[in-house]
Amino acid sequence: MSKDTMEYLIRFSQTYETFRLPEIEALAVIEGIPLEVVSYSPESPFCIVKLPSPSAAKQLIRRSILVQSIHELWGQGATLPDLHASVHKLTSHLWPCYHTCSFKFSLDSYQGSRTGDAKIAIINQFAYTGFAGPIKMRNPDEEFTLFEDWEFNSTPLGIPDPKYYYLGRFLGIGMRELPKKLDLKKRRYISTTSMDAELALVTANIALAGPGKLFYDPFVGTGSFPLACAEFGALTFGSDIDGRSIRGDEKKKTLKANFEQYGSLSKLGGMFTADLTNSPIRRVPLGQPEDGDGVRGRIFDGIVCDPPYGVREGLKVLGVKDPEKNHWVIPKGKEMYKQPDFIPPRKPYSFLAMLDDILQFAAQTLVDNGRLSFWMPTANDQDQEIAVPSHPYMEVVSISTQVFNKWSRRLITYRRIPDSQVDPSAVKQAKEAAEESKKKLGKTADDLNPFRKLYFEGFGSPASASPRDCGTEYPGRSQSPGSGKIAGAGTPAVEEN
């Protein structure tokens, strides 16, 4: 970071607090902009960062969903005198640049309020800047904002002053309006559990979706994530264990119709029926050199998904539970699979194996530094929470949490580590852990899914929001996942092929 690098103030929306910093850091990667976070707290919508230039600041947040605006930071302080002293010290050399342009001063009081007369009195204190141009409340050449960070409930408590002040010169806004375009209430085809548009777009940003990239959702459902990635220019693909969720009514309410609705049909690469244990997608064997011919090579730049949680019914995967007893099922399926109403047989599947298999699939299909972003439920009680799954080829980039009552769901983002950086000893330990976990698998739905068991034992009170109520997407419509190699909670599942 050079000495000439200036500080900027990001004004976040005070929502999804643990998602905000991961999104802005991901956007810095997308834009290729060096970013240094100077100060940030989830309790406040104000974040100070260092950036190379005002143009870089505008570029950084141009597609952010959680940023309201960004400003050149002219000063800050715990009191108004401190603020004025800071403005003199930091920006007095800049004042002459704005002496003749039209301008506007405004106040943004977070968690507080002032009377109109009080606002005018505070704004007039900045007369020393010497701005002599016309004041324009609409479309001025320059806009200056005094941000006030007040204590919670400051108005009813009668707190007279905010706890901190910032003065900033407005530079640009984020894309806070984009979720309205993808609003589920206006979408042609959704299910009762389609992912919220705002969170889908944030997920796409954190996963680095962009033009020229290939993105895949293995639990595609009605297409919430591919639609979000397509908005940022990615070519999208998806699959689902239940093809009916993709086809819809095969008329106006289909996944394809959603892409047509938003003018994104050119970004729809293809959708198909499959799960990750029975997928046509080629995987590169781990631990072996790639030939780079585009056939065996890793192809996806990003994988985004919200796997089923298996609460309403146990998780299922394609296959037959007892092939010896039901030996006729597979031959019959080979005869009937092309029929429009054919539903393939399914067998019970472990929630923990599904999590580990998502990482295994990502390790075998993501390009170097490609990202996997997936949602995972957990208990809020630290003694009951489900461990974040790990994999020697995948590095955790960020973990963001959406809290409900007694449970939460996390958005976990990983980076695919280049083979040359993978620790061989970690690979060996992961294989041993995976083999050990195979011996501990249960048979009942609760044995196979610890979150389901915890949900019904401790989270089932009327006050608790269920995964279905909170907008979680169950992309198989039948609580059926799309992946599966057997492993334990938080233990890596690594295979050579």
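How many nonpolar, polar and charged residues does the lining of the largest pocket have? Let's start there, keeping in mind that this is a predicted model.

## The largest pocket

By class, the lining is made up of 13 nonpolar, six polar and five charged residues. The space inside the largest pocket comes to about 560 Å³. Of its 24 lining residues, those closest to the pocket centre are L318, Y337, F342, P344 and P345.

If you want to find the pocket by its surrounding elements, look for α9 (243-247) and α11 (329-336), which are the elements giving two or more residues to the lining. Helix α11 gives the most, with four residues.

## The nonpolar core

Next, the inside of the protein. The largest nonpolar core holds 69 residues, and the ones touching the most other members are F19, F351, M354, L372, F374 and W375. Several elements each supply two or more residues to this core: α7 (197-206), β8, α8 (224-231), α10 (255-261), β11 (300-305), α12, β14 (366-379) and β16 (407-416). The largest share, ten residues, comes from α12.

W375 turns up again in another kind of contact: R409 lies over the face of this ring, at 4.8 Å from the ring centre.

## Aromatic pairs

How many aromatic pairs does a search of the whole structure find? The count is 24. One of them joins Y16 and F19 edge-to-face, with 5.8 Å from centre to centre and 75 degrees between the planes. F19 has a relative accessible area of 1%, so this residue is buried.

Another pair brings together Y216 and F361. Their ring centres are 5.7 Å apart and their planes meet at 45 degrees, so this pair counts as tilted. Y216 belongs to strand β8 (residues 214-217) and F361 to helix α12 (residues 351-365), so the pair ties together parts that lie 145 residues apart in sequence. Are these two residues buried or exposed? Y216 is buried, at a relative accessible area of 1%, and F361 is buried too, with a relative accessible area of 1%.

Some aromatic residues gather in a group: W74, W95, Y98, F103, F105, F126, Y128, F131 and F144 make up one aromatic cluster.

You'll find Y16 in the loop between β1 (6-12) and α1 (17-31).

N139 also has a positive phi without being a glycine, with a value near 50 degrees. Its place is the loop between α4 (116-124) and β6 (142-149). N139 has a relative accessible area of 69%, so this residue counts as exposed.

## A charged residue under the cut-off

Last stop: D108, in strand β5 (residues 103-110). Why does D108 count as buried? Its relative accessibility is 19%, and buried means under 20%. Along the chain, D108 and R11 are 97 residues apart, while their C-alpha atoms are separated by 9.9 Å.

Terms used:
Residues are numbered from 1 along each chain as its sequence is written. This is a predicted model: local features need pLDDT of at least 70, side-chain atom pairs count only at pLDDT 80 or more; totals for chains, interfaces and linings use all residues. Side-chain values use heavy atoms; hydrogens and water are left out. Rings of Phe, Tyr and Trp (its six-membered ring) pair if their centres lie within 6.5 Å; planes under 30 degrees apart count as stacked, over 60 as edge-to-face and the rest as tilted. Buried means under 20% relative accessible area, exposed over 50%, partly exposed in between (1.4 Å probe, protein chains only). A charge sits over a ring if NZ of Lys or CZ of Arg is within 6 Å of the ring centre and within 35 degrees of the ring normal. On a 1 Å grid over the protein atoms alone, a cavity is a set of points where a 1.4 Å probe fits but cannot get out, and a pocket is an open set with protein on both sides within 12 Å along at least five of seven lines; lining residues have an atom within 4 Å of a point. Grid points are joined across faces, edges and corners, and a volume is the space filled by probe spheres set on the points. Ala, Val, Leu, Ile, Met, Phe, Trp, Tyr, Cys and Pro count as nonpolar, Asp, Glu, Lys and Arg as charged, and the others, Gly among them, as polar. A nonpolar core is a set of buried Ala, Val, Leu, Ile, Met, Phe, Trp, Tyr and Cys residues joined through side-chain atoms within 4.5 Å.
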